[in-house]
Amino acid sequence: MFASPYLVYSLIFFLFPLLWATYLAFTNWNLISPDYEFVGVQNFVQAFFSESVRAAFFVTYKFLAMFVPIAVIGALCLALIISALPRFKGLFSVAFFLPYLASGVASAIVVNGILSYNSPFNIWLRSTFGLDINWLGSPVLAALIIALMMAWKFMGYYALLFVAGLESIPKDVYEAARMDGAVGWKKFWYVTIPMLYPSFYTVTILAVGLMFGIFTEPYVLTGGGPDLATHTWQLEIYQQAFERLHAGYGTSIAVINSIVTFASILVFRKILEVWGAKHGWE
Amino acid sequence: MKKRIGYLCVMLLVMVFAAGCQSEKSGSDDGTVEIEFWSAPNPPQQAFWTDMAKKYMEETDGVKINVTPMPESPSSEAGIQSAIAAGSAPTISENISRGFAAQLSDSSAIVPLNEFEGFEELLKERHMKETIKSWKFADGNQYVLPIYSNAMLFAWRIDILNELGFEEVPKTHSEVLEVGQKLKEQYPKKFLWARADLVKPTWWARWFDFFMIYNAASKGNNFVEGSDLIADDQAGIATLELFDKLSKNDLLLTRQVTDPFETGQSIMMDIGPWTFSYWDEKFPEMKLGEKYELAMPPVPDGVSPEDAKTFADTKGLSIYASATKEQQQAAFDFVKWVYSNPEHDLAWFKQTNLPPARDDLSENETFTSYLEENPQLKEYAKNIPNAVPPIDNAETVAIQKLIGTNALIPVIKGEKSPEEAWKDMKEAINGVLK
């Protein structure tokens with residue numbers, strides 16, 4: 001009974017919209033007209049053959065391959081530094097967490113300024129090394145910059161989860177390991193990392209899920225270009241549903257996006273569980 | 001206890017549904033008609049409409065106008081669409097472009113303004129019969145009353161042109177290329193035009209690059225009429241050829257740059273009147289005739305510069321079909337009252353710097369002294385009749401995206417010839433218009 005407020009909330013704000021969206025995905029609704037027709041699987045077929053949907057699919061995995069290692073390893077390093085601090089752990093944790101609170105639009109505008117042709121950074125690169133880099137004009141660099149921005153934003157948040165994990169490792173585990181001769185790098189690799197499994201699990205799943213919902217950064221910085229290199233699922237859904245008013249089609253892409261996200265998270269979950277089981281986590 | 005929590009949950013559900021299902025109230029018991037006016041989401045425009053509504057309510061009994069800025073989530077168009085879908089659209093709103101109005105009218109979400117009694121009188125009183133002609137939709141109706149019309153112009157750094165030996169701004173494509181050649185000889189690190197959006201697929205960016213040049217070349221060809229692509233092939237290819245040559249001669253900087261024109265990094269820029277308040281604040285040295293000149297877009301060789309047209313960055317008012325007839329009429333009466341007095345247009349002009357969409361802006365005495373004080377706005381006022389509003393097609397977004405991805409961007413990147421790009425673009429657009 002105590003769970004009923006949450007259940008009611010979920011029913012109204014998650015289940016009903018989900019069912020409604022699934023229904024709309026089979027219609028040609030244009031978002032504003034009261035009239036629409038049932039079109040069967042036409043939207044899904046169209047999405048399957050769409051170049052921009054295909055791009056969104058692959059771009060997400062490209063972001064995932066860049067972002068997840070950077071964010072997870074970076075967050076772990078930050079957490080290790082914070083835990084090793086003799087004082088002011090809380091202060092530093094909060095300081096690294098602050099980018100998480102920053103507006104995506106504001107940080108994208110700042111990055112745009114830093115990477116602009118006549119920014120001090122680019123002028124210095126040109127005058128010192130003769131390097132004239134078109135940061136957002138190159139497909140690889142544009143994607144990497146967005147992945148780095150996301151990592152900067154979320155690393156502090158993920159680091160907090162790792163700090164909590166590090167703090168919860170019992171001291172006697174380290175003592176037992178020391179008596180068995182595990183010190184330094186060995187201690188870190190064979191004791192700390194496996195003991196951080198719950199944090200790794202949470203952070204990785206959060207990071208993977210995040211990659212399927214990127215919108216603000218490419219919307220502000222690149223518009224999905226160059227050559228669809230930063231075109232994400234959310235950009236495609238927004239453009240179809242709100243710019244072209246193909247809400248039924250946009251919803252079908254959102255449904256596909258949900259299925260792909262769910263399947264990808266399941267795969268990552270399985271990989272993590274296999275790794276956890278090796279170290280005694282069931 | 002369990003029962004109480006159960007009752008609480010049921011009540012919560014009922015309240016949520018009740019809130020969602022309640023119908024919008026159109027008036028009060030004393031016969032007052034209440035209308036919701038959504039202004040553009042910027043303080044000057046909101047202040048103007050708030051002031052107008054206040055004055056109108058002082059003069060007129062039985063009307064209550066609530067002026068609020070429209071939501072931007074993440075764009076004002078998306079905010080309006082969400083409101084229509086949620087059944088919470090306003091009675092009337094400004095900030096409606098012709099392309100967006102085409103989408104809305106296609107779904108019968110807005111009503112034809114020409115069906116209101118007094119519409120012709122309004123056009124006459126505001127002296128806008130010529131300006132509104134290009135706003136007529138393919139079905140013969142007028143769904144938007146244009147408030148302002150920015151005839152988009154090009155600004156040229158006249159001080160740098162003088163240094164290069166030119167006394168006047170270039171008016172034709174070959175003159176532009178000649179200026180470019182001299183510029184590179186004297187200043188290899190400067191560019192003719194710095195615009196990052198040139199290689200971005202963003203659909204609305206095409207208004208300020210492709211359509212400015214194309215409208216000049218085609219003498220204002222409509223591009224699309226109804227569901228037919230009627231683009232002028234010769235003008236289209238000439239437009240792409242200009243971009244092709246500018247790119248090949250390293251005259252375009254397609255990277256993000258901060259204030260390139262103001263710092264002299266580039267010598268030409270597409271410019272609307274909103275730039276001037278920014279210059280007053282940050283670049284007070286930017287003076288008309290000393291640092292820069294304003295001009296219509298260049299035309300291809302063989303076309304008279306006198307015939308040049310340009311893109312009109314123009315938006316207006318629309319009345320929503322979801323409002324009651326009573327509310328719609330009250331909204332129209334308010335608009336008619338606002339535009340029956342040129343002083344209101346002058347107040348708008350002063351507050352926003354956006355030229356009112358009137359045929360007589362450069363001749364009407366009401367505006368003379370303001371234009372004398374702000375000579376940079378004169379060229380905009382003069383060219384209002386030469387400005388072509390956006391395409392009125394529900395597929396405007398797709399069409400303009402295809403202009404970018406299939407024609408302009410590949411030509412600038414040197415991936416396609418202008419002829420090939422134009423052909424590909426036409427095929428793709430015809431596919432969308434089918």
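Let's start with one lysine. Lys426(B) has a relative accessibility of 23%, so this residue counts as partly exposed. Keep in mind that we are looking at a predicted model.

What does Lys426(B) form with Asp233(B)? A salt bridge, with the closest N and O atoms 2.8 Å apart. Now look at where the two partners sit. Lys426(B) is in helix 17, residues 418-433 of chain B, and Asp233(B) is in helix 10, residues 233-248 of chain B. They are 193 residues apart, and the pair links distant parts of the chain. Asp233(B) is also partly exposed, at 35% relative accessible area.

Next pair. Lys336(B) and Glu121(B) meet through their side chains in a salt bridge, 3.4 Å from N to O. Lys336(B) belongs to helix 12 (residues 325-339) of chain B and Glu121(B) to helix 5 (residues 119-125) of chain B, so this pair ties together parts 215 residues apart in sequence. Are the two partners buried or exposed? Lys336(B) counts as buried at 18%. Glu121(B) counts as partly exposed at 42%.

Lys378(B) is partly exposed, at 37%. Salt bridges can also share partners. Arg126(B), Asp345(B), Arg358(B) and Asp360(B) are joined that way into one network. Over all chains, the search finds 29 salt bridges.

Now the interface. How many residues of chain B are in contact with chain A? The count is 34, and they touch 37 residues of chain A. About 3,000 Å² is buried between the two chains, and carbon and sulfur atoms give 59% of that. Three salt bridges are counted between chain B and chain A. Asp132(A) and Arg255(B) form a salt bridge, with closest N and O atoms 3.1 Å apart.

Which elements give two or more residues to chain B's side? Helix 1 (2-21), helix 3 (76-85), helix 4 (98-106) and helix 16 (396-412) of chain B. Helix 1 of chain B gives the largest share, eight residues. By class, that side has 19 nonpolar, nine polar and six charged residues.

On to the rings. The whole structure has 65 aromatic pairs over all chains. Phe48(A) and Phe49(A) are edge-to-face, 5.3 Å centre to centre, with 90° between the planes. Both of these phenylalanines, Phe48(A) and Phe49(A), are exposed. Trp279(B) and Tyr292(B) are edge-to-face too, at 4.9 Å and 65°. Trp279(B) lies in helix 11 (residues 275-282) of chain B and Tyr292(B) in strand 11 (residues 292-295) of chain B, so the pair ties together parts 13 residues apart in sequence. Both Trp279(B) and Tyr292(B) are buried. Chain B also has an aromatic cluster, including Phe37(B), Trp49(B), Tyr148(B) and Trp348(B).

Last, the backbone. A cis peptide bond joins Gly225(A) and Pro226(A), with omega about -10°. Pro226(A) is in the loop between helix 11 (216-221) and helix 12 (233-243) of chain A. Then two positive phi values, each in a residue other than glycine. Phe88(A) has phi near 60°, and this residue is in the loop between helix 3 (51-84) and helix 4 (89-101) of chain A. Asp259(B) has phi near 45°. Asp259(B) is in the loop between strand 9 (252-253) and strand 10 (266-271) of chain B. Asp259(B) is buried, at 13% relative accessible area.

Key: Residues are numbered from 1 along each chain as its sequence is written. Chains are lettered from A and ligands numbered from 1 in the order in which they are written. This is a predicted model: local features need pLDDT of at least 70, side-chain atom pairs count only at pLDDT 80 or more; totals for chains, interfaces and linings use all residues. Side-chain values use heavy atoms; hydrogens and water are left out. Contact means heavy atoms within 4.5 Å. Buried area is the accessible area (1.4 Å probe) that two parts lose on being put together, summed over both. A salt bridge is a side-chain nitrogen of Lys or Arg within 4 Å of a carboxyl oxygen of Asp or Glu. Helices (H or I, at least four residues) and strands (E, at least two) are DSSP runs, numbered from the N terminus. Ala, Val, Leu, Ile, Met, Phe, Trp, Tyr, Cys and Pro count as nonpolar, Asp, Glu, Lys and Arg as charged, and the others, Gly among them, as polar. Rings of Phe, Tyr and Trp (its six-membered ring) pair if their centres lie within 6.5 Å; planes under 30 degrees apart count as stacked, over 60 as edge-to-face and the rest as tilted. Buried means under 20% relative accessible area, exposed over 50%, partly exposed in between (1.4 Å probe, protein chains only).
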